[in-house]
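Subject: Structure handover

Hi,

Here is the structure you asked about. Please open it alongside this note; what I found follows below.

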Amino acid sequence: MMTAIAGIMAPFLIAALGGLFTERAGVLNIALEGQMLIGAFAAAAVTGSSGSILGGLAAAVAVSGLTAYLYAALTLRLKANIFITGLAVNLFAAGAANVASQIFFHTKGVVRFDSFPALAKFSLPLLSRLPFIGQLFTQQSLFVYLSWLLVPLSAWLLYRTPFGLHVRAAGFNETALYARGISGQRVRELSVAISGVACGLAGAFLAFNLGAYVPNISSGRGWIALVAIFLGYKRPGGILLVSFLFAAAELVAQNAQGAANLPASLLLAFPFFITFVGMVLFSIISGTLSRIRK
Amino acid sequence: MHSMRPSSTSLSIAVSLGAALILLIAILPFISDVPFQTLKILLTGPFSSRFYLGNYLNRAGLYMLAGLAMVVSFQGGMFNLGGEGQVYGGALGTTMVLLMVPRFGAVPGILLGIGSGLLTGAILAGISGFFRMRWNTDELISSYLLSSSVVYTIDYLVSGPLRDTRLFLLSTPEIAEQFRLPILLSPSHLNAGFLLTILVVALVQRFLYHTATGYELRITGLNREFARYGGIPIRRYYFLPMAISGALYGLAGSLYILGTGHATIQGCTAGMGWNGIAIALIARTTPWLVPPAALIFAFIEYGAETAIIHSDFSIEFGAILQALVLFLITARFARITFQRGEIK
């Protein structure tokens, strides 16, 4: 069971850690979903056609990172409303993937490839022997280990490097940043680009897992990642915990669906609903806590 | 947390609509063997026959309601991202209630149907408004999440428990004959709902600019701190704009069922929620500008569809067109040129 959770949570976790940078820089990035979707398509298209996992990965990161950077740069420079343009990115990603899929693969539906390389799975020598959590390190793909590794890495970037300081300052006190001669806008653009790269990775993982491109492959994971950032108190450790809980909830739902013979279409609604409930509960609890502290 | 009420200049509206049209015309040579003929159909298509004209106006009418929904939401400083679910919910609410009372007379039945559509939409959006008011839950994210779960749930209901197995579509049974709104321009779908829509435009304009509640809603949307200082009960205006916005989206779903669809078919109202946002922005969040904005938006969309029908491709440009308009419409091009001028 823990083995499955690690696989389900990896895309949430990677996307949420990327989104954390934009959030800390003061941008609520609602385009995570679209960035992930377009990354997944790029990964599936390139890997499926060339057979190279590395090529697909590079394509996903490049396409998604570039989309995110253009989105941020254009929005901030033209002083557009970032929620409206974020929405535009989500709509564009779905539309563009659809159009590209028809032009290159002549289908609007699922794109299957004859020889899609499978991701290698391996266990980590010492960690996999640990009781209970050992399964998290047993027979996982490189992506899963990468998602674990990104937690300390993003914490280090945010709290221990000048760049991380700039990111936090851009969201917290832009005037101080300006006084140091650094443009907050530039930092925000970079942080959105980071979220794009992360979403590209997350999307590639989704595509590699299925060995195909399915329309709406991200199915709300970008939004769930966005909520995970809030619920994780905008900290890498918190995000790790929340992603784990969401993944566990999704696994339970999948099993319940199998047991109760519920149709798959209803399962699509579940992640959105559980995220909605989680978000509301979180605001109730944190609201109550802050009232008690007063 | 985030500044609302996207302001936009006429220039960016012109730029975004112009860009959409140019994109459309620019792709014609690639997708059509007879680009000039397609261009002609694209530009005159909606006016070429009673059938096309009626359907074009009918669609624009539904878009007007969606646009009004977002106008109220934006004016109140709230971001209702749940339009998709609210329209779909309004459509299903109307259908199901009317299926329960097949023997009702026409007038009470239609009123009941419209009432259930309004209520379904108002509840779906009101939930997000209420949570924002009570616990400060971000309504932008919560309305989207709730709406998405509603859309998938309705997709499931329509394809399973509520499906009419006699029809070949994934659809509920059709509502009784007497509930269907009279057609204004046969053989098209244009129906009496269009007249009601025009009335609603006037009502929303009157509500926002000529009533005390509308005034308070707008002031709160412009500046919450100022409104609070002026003694306006601002908490109420987290809930109210969302509920009204949802009700208008629900009405769009309801009128679609009563006038056009007669049954909830899977995905029948898809895209209407997003279009509402684009139209409200084109209308610069002003109610009386919504009808022309909806007519323009529906014209471009109709043109895109015509171009696709007359080509070898079956590409859906709808989403990309929406994205383009949304992307450019809140941009401030004037400011950029001004800044450049300063540097020189």
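This is a predicted model: local features need pLDDT of at least 70, side-chain atom pairs count only at pLDDT 80 or more; totals for chains, interfaces and linings use all residues.

Chain B first. Its secondary structure comes to 14 helices and zero strands.

The overall dimensions of chain B come next. Along the principal axes, its C-alpha trace spans about 65 × 55 × 35 Å. Of its 344 residues, 56% count as buried. Take the contacts in chain B between residues at least 6 apart in sequence: 78% of them join residues at least 24 apart.

Now a helix pair in chain B. Two packed helices are described by the angle between their axes and the distance between the axes. Helix 7 (residues 193-210) of chain B packs on helix 8 (residues 212-222) of chain B at an angle of about 75°. Their axes are 5 Å apart. That angle makes helix 7 of chain B roughly perpendicular to helix 8 of chain B. On the helix 7 side, the residues that meet helix 8 are B:F207, B:L208, B:Y209 and B:H210. Helix 8 of chain B contributes B:G214, B:L217 and B:R218. By type, the residues of this contact divide into four nonpolar, two polar and one charged.

One residue of chain B is worth a look on screen. B:A243 lies in helix 10 (residues 236-261) of chain B. Is B:A243 buried or exposed? It is buried: 23 other C-beta atoms lie within 10 Å, and the cut-off for buried is 20 or more. Leaving out residues up to four places away in sequence, B:A243 touches B:A122, B:A125, B:G126 and B:G129. B:L328 is another matter. B:A243 and B:L328 are 85 residues apart in sequence and 28 Å apart in space, C-alpha to C-alpha.

On to chain A. It has eleven helices and four strands. Its radius of gyration is 19 Å, which agrees with the value near 19 Å that a compact globule of 294 residues would have. The C-alpha atoms of chain A fill a box of roughly 55 × 45 × 40 Å along the principal axes. Of the 294 residues of chain A, 50% count as buried. Among contacts in chain A with a separation of 6 or more, 75% come from residues 24 or more positions apart.

Helix 6 (residues 162-172) of chain A shows some of that burial. Which of its residues are buried? They are A:V167, A:A169, A:A170 and A:G171. These buried residues pack against four helices of chain A: helix 1 (2-24), helix 5 (142-160), helix 7 (174-179) and helix 8 (184-210).

Last, the place where the two chains meet. How many residues does each chain bring to the contact? Chain A gives 36 residues and chain B gives 39 residues. On the chain A side, helix 4 (82-105), helix 9 (221-231) and helix 11 (264-293) each supply at least two residues. The residues of that side divide into 25 nonpolar, ten polar and one charged.

Best wishes

Note on methods: Residues are numbered from 1 along each chain as its sequence is written. Chains are lettered from A and ligands numbered from 1 in the order in which they are written. Axes are lines fitted to C-alpha atoms, for helices over the stretch in contact, and angles run from 0 to 180 degrees between N-to-C directions. Angles under 35 degrees count as roughly parallel, over 145 as roughly antiparallel, 65 to 115 as roughly perpendicular and the rest as oblique. Two residues are in contact if their C-beta atoms, placed from the backbone, lie within 7 Å. Ala, Val, Leu, Ile, Met, Phe, Trp, Tyr, Cys and Pro count as nonpolar, Asp, Glu, Lys and Arg as charged, and the others, Gly among them, as polar. A residue is buried if 20 or more other C-beta atoms lie within 10 Å of its own, exposed if 12 or fewer, and partly exposed in between; C-beta atoms are placed from the backbone. The radius of gyration is taken over C-alpha atoms; the globule rule is 2.2 Å times the number of residues to the power 0.38.
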